[in-house]
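Dear colleague,

Please find the structure below, handed over for your use.

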Amino acid sequence: SGSSFSFGVCFVDTSVGKFLLGQFSDDHFCSRLRTAVSHYPPVQVLYENDQALPTCLRQVLEGPLHSVPREALKSSKEFWDAPRTLKQLREGNYFEDKYPEALGHFIDPEDSMHLTPREDGCLALKALGACVWYLSESLIDEEVLTMRSFERYVPQETHVDRQIGGDRKSSPISLNNMILDGVCLQNLEVLRNPSGGTEGTLLATMDFCCTPFGKRLFQQWLCSPPCRVKLIEDRQRAVDDLLKYAEEAKKTRELLQSLPDLERLLSRIHGQGLARKGTSHPDQRAILYEDTAYNKRKIGNLLQALEGFRKTVKVAPLWADVLSSLTSSTLAGCVSVDSQQEHFPDLTEALEFFENAFDHEQAKKEGRVTPSAGVDADYDEAMRLVKTANKALQEYLAQQGRHFNCKATYVGTGKNRFQIEVPESSARYATSDHELHGQRKGFRRYYTSEVKRLAANLVSAEEAQEAAVKDIMRRIFENFDHRRAQWEQAVRCIALLDCLLSLAQYSGSLTSTSCTPHFLPTDSEPCLRVKAGFHPCLLQHLGAATLIPNDLTLGDPESCPPLLALITGPNMGGKSTLMRQAGLLVIIAQMGARVPAEACELTLVDRIFTRLGASDRITSGESTFFVEVNETSTILRHATEHSLVLLDELGRGTSTHDGMALAHAVVKELAESICCRTLFSTHYHHLVESFRKHPAVHLAHMACMVEDENEEDPTEETIVFLYKCAAGPCPKSYGFNAAKLAGIPLEVIRRAFEKSRQLEERIQMHRAN
């Protein structure tokens, strides 16, 4: 309606059987949707084939998702509506009346049949319907849906959406996590660099995780740093503990490095243990010529998972001696065994059961499972019946030996088994019940009604045994899956421990100056103070010896300096790098790690806004300037006093006068109304003059040194960048130096300089008049 839209989204990770389901309203730029696909980058996108698809959604499909395979599904037939989705889930009986809590949020609570969607959940269920249809077509709906692993996706918001000139004071931070939208993740190169890789990104710089599931959790941490001081400080204590007890941490990392992807193995074993697949499923109809090889692979998954969990239980003993000395409750929970939710579960009984359940080496070698006694009731009962039937046949044979007064034996194979063979000399003892069935020299063979009955009992028992053996492997997998809550809790603890170890490893890698950030009380005035800070990604690649540290001060609870820094300086002088450095240091600080700086003090940041770089979006029909103002609009409408805003050269995509006027208005709005921490770089020196004496604006510049300065010919000058942020404005931008470095002919530069001087003289004359 108007400039707002509502979206339903469903993310499915089929490798671990997890669904992320949500419905939310969005602005005309699809900010929340763009953020969602940035936090959870899809490898395939399903959308409704509808001519009335909003333009903004098409722009997302052609913009951030342009390189992702997409499939347009037919309305109703493939892209189900909410009622049909619920009907299919009910008829499929995937949840057996135990609907996941997250899914239940979108269903009318008064409908016990789970067939009526809530009014505010129809779009989410519609998105789920498309995924269920696709999973059904791919024949993996049973494996994925029966995991019952659903989470509700709720976009975090600062709850400030205002018109210009309204009340700018927001309430204290109510968010659990900092908001990093898609634009911010892209501009700060948190997850991906401009080429689509990870080299030089914050993820590549900080990710020292040893396990695949730990890496997945760490990426979520990067996208959503916490906004709770207690949680951040507990992570800081965990980092200190891990660095203090370096030997224990080293042994733990070595143990974790040998773990398989337990999270995905749990999903595979769940699918292999399903008993509810219909006869139409290929698994039930396929004739596997390499059945043994296929079974060996399935058994390998189970044995790999068991071996992995056996290694995880070795973690707690490594920390037993120092457990009482740990200052972080989160770390202590990960390395101590307890039944509480935040602790590592006791897996002793479960691992012991599967250790003795069957011969692992034999199963790995033969591709079949022979359970030990007491493991499987059906198999044990079948074995008992076979044993009883064999015993009855042997007792009857002994009876017949006494009857014939000789040694009687069973002979024959297949259907002719259990013929009673006696010497020809004893044949005179045969009765009318003894039916002659064959003979050989010196011997005769008989059947009786009783031996036929006993043989039939044995055949029936053997058939039951064969059926039990055929299904025993699936039931062993099913037994393992019944304990999934325990296994998943163990995986969560190990993933959390892996992420804490990664933070500690990164913090320990800062061989140059580093510090633990200090967070001021939540009721303090916003501030950000960094002393001798480095860009974290450049520090890893180039080393401290080649980098220049920079101080940064935005706000101060005591002296109340300006919250907005207006930064000028020469092209390539380091303005954009300084701004990115500030954003990345805040992310690292709120993740709980140490930062590359001598000192860092700040209040919590609820959201980082970025307007960096300049490019158009041809596929979306957006010009460079339109992209600029779109992102600026998001900042002005949603920033709070707790936000951090990074604006780089706003207004360069249009005429100089229009651009500078827009930049002036935005600076005034940020400084006087929103009052948030802001770094604003510009080449508009008249803009700088306008705010020279403004109490809420601090002027700074990236220093440089000019050699052979020449007021008449800039081509004779040589600029040395000092990459140091200094107080006050920069006298000029030295753009002609950048042109010279780029190789533009010197004569062209001289003509440009002459034209620039003429324009400057005209402006001065106009002002004088």
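The axes of helix 9 (residues 212–223) and helix 21 (residues 484–509) cross at roughly 65° and come within 8 Å of each other. Axes here are lines fitted to C-alpha atoms, for helices over the stretch in contact, with angles running from 0 to 180 degrees between N-to-C directions. Helices (H or I, at least four residues) and strands (E, at least two) are DSSP runs, numbered from the N terminus.

This is a predicted model, in which local features need pLDDT of at least 70 and side-chain atom pairs count only at pLDDT 80 or more, while totals for chains, interfaces and linings use all residues. Residues are numbered from 1 along each chain as its sequence is written, and side-chain values use heavy atoms, with hydrogens and water left out.

On the side of helix 9, Phe213, Gly214, Leu217, Phe218 and Trp221 take part in the contact; on the side of helix 21, the partners are Val491, Ile494, Ala495, Leu496, Asp498, Cys499, Leu500, Ser502 and Leu503. Contact means heavy atoms within 4.5 Å. By class, the contact of helix 9 with helix 21 comprises eleven nonpolar, two polar and one charged residues (Ala, Val, Leu, Ile, Met, Phe, Trp, Tyr, Cys and Pro count as nonpolar, Asp, Glu, Lys and Arg as charged, and the others, Gly among them, as polar).

The charged end of Arg483 sits over the ring of Phe353, at 4.8 Å from the ring centre. The criterion is that NZ of Lys or CZ of Arg is within 6 Å of the ring centre and within 35 degrees of the ring normal.

Turning to ring pairs, a search of the whole structure finds 17 aromatic pairs. Rings of Phe, Tyr and Trp (its six-membered ring) pair if their centres lie within 6.5 Å; planes under 30 degrees apart count as stacked, over 60 as edge-to-face and the rest as tilted. Trp133 and Tyr134 form a tilted pair, 6.3 Å centre to centre with 55° between the planes. The rings of Phe404 and Tyr446 are stacked, because their planes are at 20° with the centres 6.0 Å apart. This pair links distant parts of the chain, with Phe404 in helix 19 (residues 377–404) and Tyr446 in strand 9 (residues 443–447), 42 residues apart. Phe404 is buried at a relative accessible area of 0%, and Tyr446 is buried at 5% (buried means under 20% relative accessible area, exposed over 50%, partly exposed in between, with a 1.4 Å probe and protein chains only). Ring pairs also join Phe5, Phe7, Phe11, Phe24, Tyr40 and Tyr153 into a cluster.

Two individual residues may be of interest for their surroundings. Arg475, in helix 20 (residues 449–482), counts as buried at 13% relative accessibility. Leaving aside residues up to four places away in sequence, Arg475 touches Asp376, Asp378, Tyr379 and Ala468. Asn550 lies in strand 12 (residues 550–554) and is buried, with a relative accessible area of 4%.

Finally, there are backbone angles to note. Most residues other than glycine have a negative phi. Glu189, although not a glycine, has a positive phi of about 55°; Glu189 is in the loop between helix 7 (182–187) and helix 8 (202–206). Phe418 has a positive phi near 65° and is found in the loop between strand 6 (409–411) and strand 7 (419–423).

Yours sincerely
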